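Trainee: I would like to go through this model with you. Please show it first.

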Amino acid sequence: MAINKKLTLFAFFFLIVLFVKAQTTTDITITQCGTPLGQEIPDFPGEMIPSIATITQTGIIGSDFILDFVQIDLSHIWVGDLKITLISPTGTSLILSDRNGVWGSNYSKTIFTDGSPNITTGSPPFTGMFEPEYGTFASTFDGEPITGNWTLKVEDLDAVFDGTFNNFCIRFLKTCSNQLNCIAQCGTPLGQEIPDFPGEMI
């Protein structure tokens, strides 16, 4: 009888853990793409209409979220003319790439993310994952809110060729998504015994 009672309590506790885990691991990503898209990257000294991704959720980078990646796609014959900058809702800017690629063409499905090779080590069309040229997302935007307008700005700093801006998306992850088990943030200790009556669980 006592064994059956313990098994019943264990099963009940296990279901609670699964429920809590489900609650803490849902909606761990926020992905937003910018608008407008498909606009011209005008030749120097023109200025592209910036693309803006608006985040409505709340949270702080470094404590609640990490900025996981920024993905861009653009068409330009000479990408060595281009300077690409991400600007946070508070106005903090990070240069993702500054006149890299010499006379090569395009940024195609280019993903900027911390911990990858610096974009200066790549070559057009920069397909793959690269760290921003002038610093990491974590160090640049630490402590800033994710809420608001994230702006992607492309500048053509030389004459002759223009281009087209095709895509810009930004993704944030809840900090618990980097752990194997998010429920560790909900309560400790876990895995302790539920003793039989009249014992008391920690």
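Trainee: Which residues have the most contacts inside the largest nonpolar core?
Mentor: The model is predicted: local features need pLDDT of at least 70, side-chain atom pairs count only at pLDDT 80 or more, and totals for chains, interfaces and linings use all residues. Residues are numbered from 1 along each chain as its sequence is written, and side-chain values use heavy atoms, with hydrogens and water left out. A nonpolar core is a set of buried Ala, Val, Leu, Ile, Met, Phe, Trp, Tyr and Cys residues joined through side-chain atoms within 4.5 Å; buried means under 20% relative accessible area, exposed over 50%, partly exposed in between (1.4 Å probe, protein chains only). The largest such core has 32 residues, and those with the most contacts inside it are V70, L74, L86, L152, I170 and F172.

Trainee: Which element gives the largest share of this core?
Mentor: Helices (H or I, at least four residues) and strands (E, at least two) are DSSP runs, numbered from the N terminus. At least two core residues each come from β3 (51-55), β4, β5, β6 (93-98), β7 (107-112), α2 (137-141), β9 and β10. The largest share is five residues, and its source is β4.

Trainee: How many helices and strands does the chain have?
Mentor: From the N terminus, the order is α-β-β-β-β-β-β-β-β-α-β-β. The count is two helices and ten strands.

Trainee: Where is F112, and what separates its C-alpha atom from that of I170?
Mentor: F112 sits in strand β7. Its relative accessibility is 0%, so F112 counts as buried. F112 and I170 are 58 residues apart along the chain, yet their C-alpha atoms are separated by 9.5 Å.

Trainee: What is the geometry of the pair F126 and F130?
Mentor: Rings of Phe, Tyr and Trp (its six-membered ring) pair if their centres lie within 6.5 Å; planes under 30 degrees apart count as stacked, over 60 as edge-to-face and the rest as tilted. The structure holds seven aromatic pairs. F126 and F130 lie 6.2 Å apart centre to centre, with 85° between the planes, and the pair is edge-to-face.

Trainee: Why is the pair of W150 and F172 tilted, and which parts does it tie together?
Mentor: The ring centres of W150 and F172 are 5.4 Å apart and the planes stand at 55°, so the pair is tilted. Both W150 and F172 are buried. W150 lies in β9 (residues 148-156) and F172 in β10 (residues 163-174), so the pair ties together parts 22 residues apart in sequence.

Trainee: What is the distance between the closest N and O atoms of D68 and R171?
Mentor: A salt bridge is a side-chain nitrogen of Lys or Arg within 4 Å of a carboxyl oxygen of Asp or Glu. D68 counts as buried at 14% relative accessibility, while R171 is partly exposed at 24%. The closest N and O atoms are 2.5 Å apart.

Trainee: And the other bridge: which residue pairs with R99?
Mentor: The structure holds two salt bridges. R99 is partly exposed, with a relative accessible area of 46%. With the closest N and O atoms 3.0 Å apart, the partner of R99 is D98.
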